[in-house]
Amino acid sequence: MSKRAINHLSSDPVMSALIEKVGVIHLRPRRLSPFQALTQAIIYQQLSGKAAGTILERFKQMFLDDEFPSPIQVAKSSVDRLRSAGLSRPKAGYIIDLANRCNAGLVPSLNECDSLNDEEIVATLTEIKGVGRWTVDMFLMSNLGRPDVLPVGDLGVRRGFQIAYRKRIMPTPEQLTRHGERWSPHRTHAARYLWRAADSA
């Protein structure tokens, strides 16, 4: 897949130069349960990696039986109990709502996700409180390893495009969507390279 993606993306001269600079990027999906992946995504929203990692560890330590708590365990918790791990009140509520939805069968399992296309997953998961399009895009890319996702609302991707293509201003999501059509069906790889461009600036 990486070889096909690189061959395809290299037809774009700017992307070709970026690939040559960065090297081969392999996609390695995490394949966590949707409950774990989305809970972690909610915890990490709008926080530094270090702060979010600390809260995540405190959250897991509240449930000593398993490495990561089950939706049933979390649904029995109160907002105030989850807040003691360092979560904000809205995030604690979002995680409990997610757990209740998982217990009710409203969140597809990992195997069920495999039978759904990207937009079906987006439509289902964005119904969950605290889960927006960016969060689902990250879930598709990092957890499921979907190959054709371009998170056009991500500032890092937009900044990377601005740097790589030497634009005076960052592209709008709409502009990036239009440009990204030439990268399909390997837009996930393109996004990874744009993040690298942003990181190197």
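R133 is partly exposed, with a relative accessible area of 42%. The model described here is predicted.

## How α9 meets α10

Helices α9 and α10 pack with their axes 10 Å apart. The angle between them is about 135 degrees. That makes α9 oblique to α10. The crossing, as α9 passes α10, is right-handed.

Which residues make the contact? From α9 come D118, E119, I121, V122 and L125. From α10 come R133, V136, F139 and L140. By class, the contact of α9 with α10 has six nonpolar residues, three charged and no polar ones.

## Other salt bridges

How many salt bridges does a search of the whole structure find? The count is eight. One of them joins R146 to D118, with the closest N and O atoms 2.6 Å apart. R146 lies in the loop between α10 and α11, while D118 lies in helix α9, so the pair ties together parts that are 28 residues apart in sequence. Is R146 buried or exposed? Its relative accessibility is 13%, so R146 counts as buried. The cut-off for buried is under 20%.

D80 and R89 form another salt bridge. Here the closest N and O atoms are 3.2 Å apart. R89 is partly exposed, with a relative accessible area of 44%.

## Two buried loop residues

I128 is found in the loop between α9 (118-125) and α10 (133-143). At 4% relative accessibility, I128 counts as buried. What does I128 touch, leaving aside residues up to four places away in sequence? Its contacts are L38, D97, L98, R101 and V107. Take L98: I128 and L98 are 30 residues apart in sequence, yet their C-alpha atoms are 6.6 Å apart in space.

S77 lies in another loop, between α5 (71-75) and α6 (79-83). S77 has 9% relative accessibility, so S77 counts as buried. Not counting residues up to four places away in sequence, S77 touches F63, L82 and I96.

## How α11 meets α13

Helix α11 covers residues 155-164, and helix α13 covers residues 187-200. Their axes come within 7 Å and cross at roughly 75 degrees. That makes α11 roughly perpendicular to α13, because angles from 65 to 115 degrees count as roughly perpendicular.

On the α11 side, the contact is made by G156, V157, R159, G160, F161, I163 and A164. On the α13 side, A191, L194, W195, A197 and A198 take part. The contact of α11 with α13 has nine nonpolar, two polar and one charged residues.

Notes:
Residues numbered from 1 in each chain as written. Predicted model: local features only at pLDDT ≥ 70, side-chain atom pairs only at ≥ 80, totals over all residues. Heavy atoms only, no water. Axes fitted to C-alpha atoms, helices over the stretch in contact; angles between N-to-C directions. Helix = DSSP H or I, 4+ residues; strand = E, 2+ residues; numbered from the N terminus. Parallel < 35°, antiparallel > 145°, perpendicular 65-115°, else oblique. Contact = heavy atoms within 4.5 Å. Nonpolar A, V, L, I, M, F, W, Y, C, P; charged D, E, K, R; others polar. Buried < 20%, exposed > 50% of the residue type's maximum accessible area, 1.4 Å probe, protein only. Salt bridge = Lys/Arg side-chain N within 4 Å of Asp/Glu carboxyl O. Left-handed = near helix turned anticlockwise from the far one by under 90°.
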